Structure formats: structure tokens, C-alpha cells
Amino acid sequence: NTAMPQQWLNGDRFGSHLARLPIPYVNVPSLVNLSAAVFLLDDALHANTDKKKLVIGWSMGAEVIEAWLSFIGPTSDVDPDDVEFILTGNPQRKYNGVLRRSPLPPGLVFLYLSLGHPDDTPYTVTDIARQYDFWADHPNDRTNVKALKNVDPLNNPSFPTFGLFNPQHQSYNDIGLNDPWNTRYVEGNTTYIVAPSFPMPTVATQFTTPTYKAARDPQL
């Protein structure tokens, strides 16, 4: 996979003093690719054991972290004080991750399923989702057509686009972990964050004035 952009999450956690170590993996969802990536992550965590580590994953990269926390983390000798995990655009997110919805959206039934990481994990985890991210902030009610339009503008059941034409999932550059307008809640060692998107996608794409959009967003 490509290296995480320096401006990811507004660069909040990318100090110039940090040594960056990309973990390349095959970014095609499958159990084989996921398993291989989990072992690559485990190898990286066991390298340079004298240094503290920050692991940041996006999309499938977040799922790799989830799998490590679920299947290796509970018995791992990696010291929880030496590593921190940040998940962005996480399809396995406990709250509103698309792969945690039931039933799954059309076209996603082929993907592996997971229960996400354990609630009692000893590791420090931050899971941030952009509001209206198809993969990480999917509607609870998949019969709500208006809600689905915000995460998948075409919303065509016979030809799902998986939010392809919705930019929320593609970039976590212009949001920060500590932005004052974020919503956050803590469970054990996991902090869940939702970064608001304004205006909502179905309003943002309307050909009208900013004043109208600002008024219409809270109405919808």
C-alpha cells in the first residue's frame, strides 16, 4: 500500500522527529491478503523494540489493525505502553462501520466479516470516522433512502458504487483528532471520534447559494 500522506489528520501525529515505516500490503480485500498484512504488522511491531510506535491505518489498513488486535493482541508480548493505534475510514468500526451493518449492502457479501477489536483490549486505540463516510459512517437504517444518498450519491441497488462518488472516505487530510467540533466517546482504551462533514453531501452538491446550503443542512 502507499505511504500515509504527511498531512493525514492535519499532520497532528506526524512530527518531524518521527521515523516513518510504511508497511506494504496487497490492498485487495480477502482473507489471504488480510492475514499476510497482519503478520507484516506483527513483524513491524517486534522490530526496534526499544522505540515507541504509532500505527495508523486507513480503510483496509484499519481492518489489518482490527485483525491484529483481535487475533494476536490478546496474547502478544508487545507492550501496550509502547504502541498506539489510530484507525481512519474503518469498515469494521464498531459504530456504523459498513461491514457491521446487517444485512450487508449489495455487492459486499463476498467480504470477510469481523467483530472488530475486543472492547477490553489493553492497547490504546483511536478510531476516527468522517461523517457520511460510506465505509466508516454507514446509516443504521438501510431502508432510509435519504440517508443512503449521503454516503452513496447514486444509491443504485443494482449497481452499487460503494460511495465512489462521495469524497468523505478518500481523504482524512483536513480533519484533526482534536478539532473542537468532533464528537468523541470513550470505551475502555478505545476512543471513537466522528468528524462532522458540512454541509452534508446531498446539500453540498446542490446548485445553489452557500446561505441556502447553511440553512438546509440542519433541516435535513
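Helices, of at least four residues, and strands, of at least two, are DSSP runs numbered from the N terminus. The model shown is predicted.

**The largest pocket**
- The space in the largest pocket amounts to about 1100 Å³.
- Its lining consists of 37 residues, and Leu21, Pro22, Leu54, Val55 and Ile56 are those that lie nearest the centre of the pocket.
- At least two lining residues come from each of helix H1 (31–46), strand S1 (53–58), helix H2 (60–72) and strand S2 (83–88).
- Strand S1 gives the most to this lining, with six residues.
- Sorted by class, the lining of the largest pocket holds 23 nonpolar, eight charged and six polar residues.

**A nonpolar patch on the surface**
- Leu154, Leu164 and Phe165 form a nonpolar patch on the surface, and together they have about 330 Å² of accessible area.
- Phe165, one of these residues, is found in the loop between helix H3 (145–151) and strand S4 (183–187).
- Phe165 counts as exposed because its relative accessibility is 54%, and exposed means over 50%.

**A buried glycine**
- Gly176 also lies in the loop between H3 and S4.
- Gly176 counts as buried because its relative accessibility is 0%, and buried means under 20%.
- In sequence, Gly176 and Gln6 are 170 residues apart, while in space they are 13 Å apart, C-alpha to C-alpha.

Terms used
Residues are numbered from 1 along each chain as its sequence is written. This is a predicted model: local features need pLDDT of at least 70, side-chain atom pairs count only at pLDDT 80 or more; totals for chains, interfaces and linings use all residues. Side-chain values use heavy atoms; hydrogens and water are left out. Patches are made of residues with over 30% relative accessible area and no salt bridge: like charges are joined within 9 Å, nonpolar side chains (Val, Leu, Ile, Met, Phe, Trp, Tyr) within 5 Å. Accessible areas come from the Shrake-Rupley method with a 1.4 Å probe; for residues, only the protein chains shown count as cover. A salt bridge is a side-chain nitrogen of Lys or Arg within 4 Å of a carboxyl oxygen of Asp or Glu. Buried means under 20% relative accessible area, exposed over 50%, partly exposed in between (1.4 Å probe, protein chains only). On a 1 Å grid over the protein atoms alone, a cavity is a set of points where a 1.4 Å probe fits but cannot get out, and a pocket is an open set with protein on both sides within 12 Å along at least five of seven lines; lining residues have an atom within 4 Å of a point. Grid points are joined across faces, edges and corners, and a volume is the space filled by probe spheres set on the points. Ala, Val, Leu, Ile, Met, Phe, Trp, Tyr, Cys and Pro count as nonpolar, Asp, Glu, Lys and Arg as charged, and the others, Gly among them, as polar.
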